[in-house]
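Here is a short briefing to read alongside your viewer. Have the structure open and follow along topic by topic.

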Amino acid sequence: MQLYDPYDYPLYRPPSEAYSLILQVTIGCSYNRCVFCGMYQTKKFHIKPIETIKKELAMFAEHYRHIDKVFLADGDALSAPTEFLVSVLDAITAAVPQCKRVSCYATHLNIRQKSPEELKLLASKGLTLLYLGVESGDDETLKFIRKGTTAHELITLSHKVGDAGMDLSATFILGINGAERDNTQHAIKTGNIISQMYLTYVGLLTLRLEDGSYLTKEAAEGRYTVVGIEEVVRELKIILENIHTEQMKAPVIFRSNHASNFLTLKGTLPQDRDILLEQVNRVLKRGVYPEHRKYYL
């Protein structure tokens, strides 16, 4: 018997949630203004009815025996009212009591709008990991990509998440300014903000033009140019050079292994910072940047 398909496509999830149950509790992204993102341009944001979600959970629980992680889609499920999210988390506990972790995407607005008590309540109900697109530690770059926040606020909000007992996974984008703008300050300040934020995981991605995004339209009209691989690798070097390990309060898992990246790096900060930097320097010294090929160290 074919399963009823509960999803409103396109559907996205972090790479680390590849083996998680994807439970779509909101549709689209409540912010949806970042210039590089085309993920939810075809959707109008709304929250699914809780009864629909409960029915879908019952269906998943009936057909899948091993559900130990659940990811709440779409773009920023944390934007939903706290009482609604509590109902969702209680429903997950009832339907799949073996679930060990619930996670979701979040924006700075979601975290800003939730009180410390609300975040702690959600954590106590099982929502223990948030994925936050920080993109850059440079205020000028954040303004350019229409992120709607500042580096200072992002640092503050990250500690708010940590104080609530949640883990935080942050992503940053290499080459985001394009060839028309200098990426140096973006790289320097991204290293700085990684040093100061409360983080459990850090992931570096490389910009890819997505269908429907503002930057894709700008590129088509000749106003935006994607930077080359060598520039991206040099930017990665600057980021690592500006991670001040003495400022870091706890270990952070560092990854530059997304499908968009040319250079694959894995390590734990602060102890592996110099090893990672040495690997990047080795690639720069060789000066070989074949297109359409990943570089594994």
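This is a predicted model: local features need pLDDT of at least 70, side-chain atom pairs count only at pLDDT 80 or more; totals for chains, interfaces and linings use all residues.

Leaving aside residues up to four places away in sequence, Leu 72 touches Leu 23, Val 25, Ala 77, Val 88, Ile 92, Val 102, Ser 103, Cys 104 and Tyr 105. Two of these partners, Leu 23 and Ile 92, return below.

**The nonpolar core**
- The largest nonpolar core holds 93 residues, and those touching the most other members are Leu 23, Leu 72, Leu 78, Ile 92 and Leu 130.
- Helix α2 (residues 82-95) gives this core its largest share, 7 residues.

**Helix α2**
- From first C-alpha to last, the 14 residues of α2 reach 20 Å, close to the 20 Å expected at 1.5 Å a residue.
- Buried positions in α2 are Thr 82, Phe 84, Leu 85, Val 86, Val 88, Leu 89, Ala 91 and Ile 92.
- Val 88 and Ile 92, both buried in α2, are also among the contacts of Leu 72.

**The largest pocket**
- If you are thinking about volumes, the largest pocket comes to about 1,400 Å³.
- Its lining counts 47 residues, with Pro 14, Pro 15, Tyr 105, Thr 171 and Leu 205 the closest to the centre.
- At least two lining residues come from each of β5 (101-106), β6 (127-135), β7 (167-174), β8 (201-206) and β9 (252-256).
- The largest share of the lining, 6 residues, belongs to β8.

Technical notes: Residues are numbered from 1 along each chain as its sequence is written. Side-chain values use heavy atoms; hydrogens and water are left out. On a 1 Å grid over the protein atoms alone, a cavity is a set of points where a 1.4 Å probe fits but cannot get out, and a pocket is an open set with protein on both sides within 12 Å along at least five of seven lines; lining residues have an atom within 4 Å of a point. Grid points are joined across faces, edges and corners, and a volume is the space filled by probe spheres set on the points. Helices (H or I, at least four residues) and strands (E, at least two) are DSSP runs, numbered from the N terminus. A nonpolar core is a set of buried Ala, Val, Leu, Ile, Met, Phe, Trp, Tyr and Cys residues joined through side-chain atoms within 4.5 Å. Buried means under 20% relative accessible area, exposed over 50%, partly exposed in between (1.4 Å probe, protein chains only). Contact means heavy atoms within 4.5 Å. The expected span of a helix is 1.5 Å times one less than its number of residues.
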